[in-house]
Amino acid sequence: MSTPTPDQPGRRPPLPANMQGPPRVPTRSSRPVPPPIPSSQLQPELTPPNIPEPPTPAPPPLPPQFAEPTRSSGFAIVGFIVLGLGMLALAGGGAVLYLKSEKSVAIVEDAGKSTTPPTAATTQTATAGASGTAAESVTQPLKGPQIYKQLLKSTVFILHQDDRSISAGSGFLVHGPRKWVLTNFHVVDDQKRVQVFFPTFVNDELVTEPKYYVDHQDDIGRMGRVISTSREKDLAVVELDSVPEWAVPVSLSTRSAEVGSTLYSIGASGIELKDLSGTLWRMSTGEVRARSKRVVKFPDQVVDATLLESQKPINSGDSGGPSVNQYGVLVGVVSMSDPRRDSVKFDIDLQEVQNFLTDCSRRSGWTWDGPVADSVTPENEEDIRAKVLADLASDDAEKRRRAVRKIARLGSEARQLLPLLIEHLEDADPQVRSAIIHTIEGTWPPHKSDIALYESLLRKGGNTARMVAVKLYARHAELRIPEALFTPVLDELVEKDTSRQIHAIRALSQQGQAAKPIALRAILQAAQAESADVADPAFALLEKWSPMTASDVPVLSSALTAAKASIRKFAVTQLAPLAPDAPTALKWFLPLLEDTEPAIVLAAMEGLTRWGKESRDALTQFVKLADARDASIAVAALQAVEKTGMPEDLLALLVKKAAANDSPITVRKSAAERILALPSVETETGLPSVAPLTAFPDSSIRIAALQRLASYKKGARPMLSRIVDRLGDNEEAVQLAALAALQDVGPDPTHLEPVAALIGEDRSESVALAAIKTLNQIGPKSVDLLARLLTQKQPATIARAIVEQLGKFGPDAQAAIPEILAALDRAGHPFGELRLMQLAEVDKGNAWTPDPASDALTRIGGDKLADAVAPLSEWEFKTIGGRKIKQAKRAPNLGIQFWAVAVLANIDPKTLSAERRKSIKERLGLLAKYDPNAIVKQMAVHGLSKY
C-alpha cells in the first residue's frame, strides 16, 4: 500500500530527513493499541547522477532489459506512516479496525449481503502487447512464476508529491493505446501529476532496489497526468506520455472472484522510504474469504464500494496494484488492510473497476475497449491445433483472431507455423493483424533458419510484413540487412506511423557505415521531422556516420538549404574539410553568412577562413559581420578579416572596434588583442594605436598595452602621461605594469608625487617596493620624499626598503639620518641590540650580512651619526668587552668596523682606568692617522677630541 503523510485536515509537516522512529499512534479509547507500522523516510533531496542510457528493451515475453528512458522530474521522498485507530461498535458485534495507507479508518456500514458470483471458468490475457483489444482465452490455470512474469509487464511503481511530503504506491497498465494506468485514489490524492516506473532489467536481472529507480528517475521514470478519480471507490486513472513497447495491459475478467479462489498481486510494499532500501515487485498470494458491500470512513475519505476480503500479505506500498486470479486476469485492485488482523486485506472489486473505467472513457468521449478476457469452454492443445487452420481461413474475423491466439499459446513451437502466420499478415481485420504481429514477435529472437523468411518479408512482403521485418532488425543488432534490401527499410521512413519510422532508423543504425550510401538522404530528411521522437534518433545516426567523406558531398550540399537549423549546421561542419578549393567553399558557405542562426554563421566563417586570402571575396561580408549584435559572430568576423588579409585597413578597423563603447566587451577585447598582436605595432609607429588601450576596460588589455609601451623604451616618452595615469589604477597588476613601464621609459622628478602615492601602510607591499625602486631612478632628488615617507607609519618591509634606498644615495642622503634613526627607534630596534647580534655573527666566524639601517648609516656617515651613537657606546663597551670590539675592528665588513670605532670613540675617558684610557687613545690615534676609510678616520678623530 502507499505511504502518504497524515492527511488533511490537520496535516503535520514531515520529519527532517535524518530522523527516524515510530510515529505517534492516535487512539480513540483506552483499549490496547496494536504495534505501529515502522516509519519510513528519505533524505529531503536526491540529485540523480548522470548515467548511461538504459538498454534498449526487447519484445515480450518478458525481456531481459526493458528500461526505456523518458522525461521526468527529480524530487526527494519523505514518507510518514501514521497509524490511526478508530473504534465503532457495530450492530451485533464488536469493533473492527482497518488501515488504508496509514490513515485512520472505521467500517461504519456492512451491507451483509454476499455478492459472490456463480462458478464459472475464468480466462486469462495473452501477450497482447500494448493494445486495448480483448485478450486470448486460456483454459488452464497458470503457475505462480508464470503469473509473476506476466504481471511484471503491466505493474508500475508510483511516486507522488505534495507541498510537504511524497508517497509511494503501485498501479498497472489497463489500456495500452491510451496509456492508461489504474491505481487507488489515495495513492495520488489530489495530485495533478505523478511519476511512474515500469520494472527495469539490467544485465538480464530484474532491478528490485528502490534507490536505483529514484537515482535514475530522469532516465527510466515517466510522468503521468491524473485524468480521473473516484474518492468514493478509491480508484484513479493516470495517463502516461509513453509506455514501453513491451508493456501489456492487464485484461479484465468477465466475472468477479469466487470465494475460495486464489488471488495474486504485485506491488511496491518492500520499499523503506527512510533510506530507499527494501525490495520492489514483491508478489503476494492469498484466498478470497468474502465479497461484500462496505462503507469505510477515513479522516479525509469515505469509501463506499464492493470489496474482496482475502489473506494476501500486502502492506504499505502495494496500494493500487493489480489483483488477479489463477488465470492472470484482473478481479480487483489492492486497497486497504486491517491493522489488528494482518491476515485481513481488502481489494476494490472487479465490478467497481468495470463501472469506473466505463464512466472514465465515456467522459473522455469514447467507449471502453480495454482488454477483456474471453470466457470459453476448456480445450486441449490438440483441439487448438486441429481447428486453427480452418479458423484462419474463416470469413469470420473473430474466428481468425482466436485461431491466431491459439497459435500463440504454443509458445516456442509457434515458430513451426511462421509461414502460415506471415501468409495472413495482411489480414483485412486490424485485430487479427495485431494478434499475428504479437504472436510472431513472441517467437523472437529468430533462429538462423528463419532469417531467409524475414528477408522475404522485406523483398516482396506487404505493408504490415515489411513493418514486422524492420522491427526485427531494429531489435536485434546482430542481424544484418542485405544491401539490396535497404530500400524497403527506407520505405518505412515515409510512413505516417511514428513508431515505424523509429524502427526503420534503428534498423539502419544497426548496420553501421554500410547503410550510409543509400540511406544518407533519407535520414537527413527524417532528421527534419516535426516529431522529436523521429528527428532525434535520425540526427544521432547522422552523427554516428560522421565524419562524412567526398562521396557524401552531393547529399550534404543539398542540406545547406534545409529548413532545420541543426541540419544546415551539420552540413556546413561536415562539408568544411571536404571543400576541394576556395571557389567551392565560397559557393557553399558565402550565402550562409546571412543565416539567422549564429551557430551556422560561425561554422560558415570557419569553413571560409580555412582558405585564407583565397577567400577574399568574403572580406566585405566579414567586415559587415564585425558589427553584428552577437558577440561571438563579431569576434569571429574580426579574426576572419585578419586571416583573409586586409593589412591597409585592418588596423583602423580594429582600433575603431576596440574603442566602440556600444559594442560588447568581448568584441572590443578581441579587437584590442588583434591590435597588440599585429606586427605593425611592434615599432614606435604603433604608439597612437597602443596608447589608448592603457585605459581599456579589461585589465589584461591595459597590462598588455603598458608592456608594449615599455618595449619602446625612450621612444615611448611621448605617451609617458598615459603610463603615469595608470599608477592610480584600481588593479594591482596594472599598477605594477605601469611602474615597470615607467622604469623602462625613464621617470623624472615630475613623477615623484604620483610614485610616492603608491607607498604607504594601506598600499600593496609589492607595489610599494616597485615604487621605491622607481624613485631610485629619479636619484637624490627623491631623498626628501623618502625621508618624509619614513616618518609616516610604514610596514617593516617598506621602512627597511626606504632606509636601504637612502643608503644607496651615500652622503647625498645625510639629511635623512635623523629620520632613519627615529624609524629604528619606533621599530624597537636600538643599536645596542643590533650590534650584539652582529658581533655574535663575527664571533662565530660567519659572514655577516649587514642590516640595511647599519649599511645605510655607514654609507651616509657624518658628524650627526657619531653624535647619534654616542649614548650607546659606553653601554656596549662594558657589555661586550674590549676584546670583541677589537675583533670587530678587523672584520672585513665596513659596517662592523665603523661600529667598533664608534664604540671606542664615544666612551667617556673618565670611566676608564689609566691603563685602559692610554690603550684606547693610542688605538684611536692610529686609526685617525692610518685607516684607509675616511668615515673610520672621521670617527677616530671625534674620539681623540675627548682625551
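Is Glu492 buried or exposed, and what is its relative accessible area? Here are a few friendly notes on this predicted model, with that question taken up in point 2.

1. Salt bridges overall. The count for the model comes to 33 salt bridges.

2. Arg466 and Glu492. Glu492 is buried, with a relative accessible area of 1%. Its side chain meets that of Arg466 in a salt bridge, at 2.7 Å from N to O. The two residues sit 26 residues apart, in distant parts of the chain: Arg466 belongs to helix α11, while Glu492 lies in the loop between α12 (486–491) and α13 (498–509). Arg466 counts as buried because its relative accessible area, 13%, falls under the 20% cut-off.

3. Lys471 and Glu441. Helix α11 (residues 463–475) also holds Lys471, which is linked to Glu441 in helix α9 (residues 430–441), 30 residues apart.

4. Lys516 and Asp552. A further salt bridge joins Lys516 to Asp552, with 2.9 Å between the closest N and O atoms. This pair spans 36 residues, from helix α14 (residues 516–526), where Lys516 sits, to the loop between α15 (532–545) and α16 (553–558), which holds Asp552. Lys516 is buried at 7% relative accessibility, and Asp552 is buried with a relative accessible area of 4%.

Conventions
Residues numbered from 1 in each chain as written. Predicted model: local features only at pLDDT ≥ 70, side-chain atom pairs only at ≥ 80, totals over all residues. Heavy atoms only, no water. Salt bridge = Lys/Arg side-chain N within 4 Å of Asp/Glu carboxyl O. Helix = DSSP H or I, 4+ residues; strand = E, 2+ residues; numbered from the N terminus. Buried < 20%, exposed > 50% of the residue type's maximum accessible area, 1.4 Å probe, protein only.
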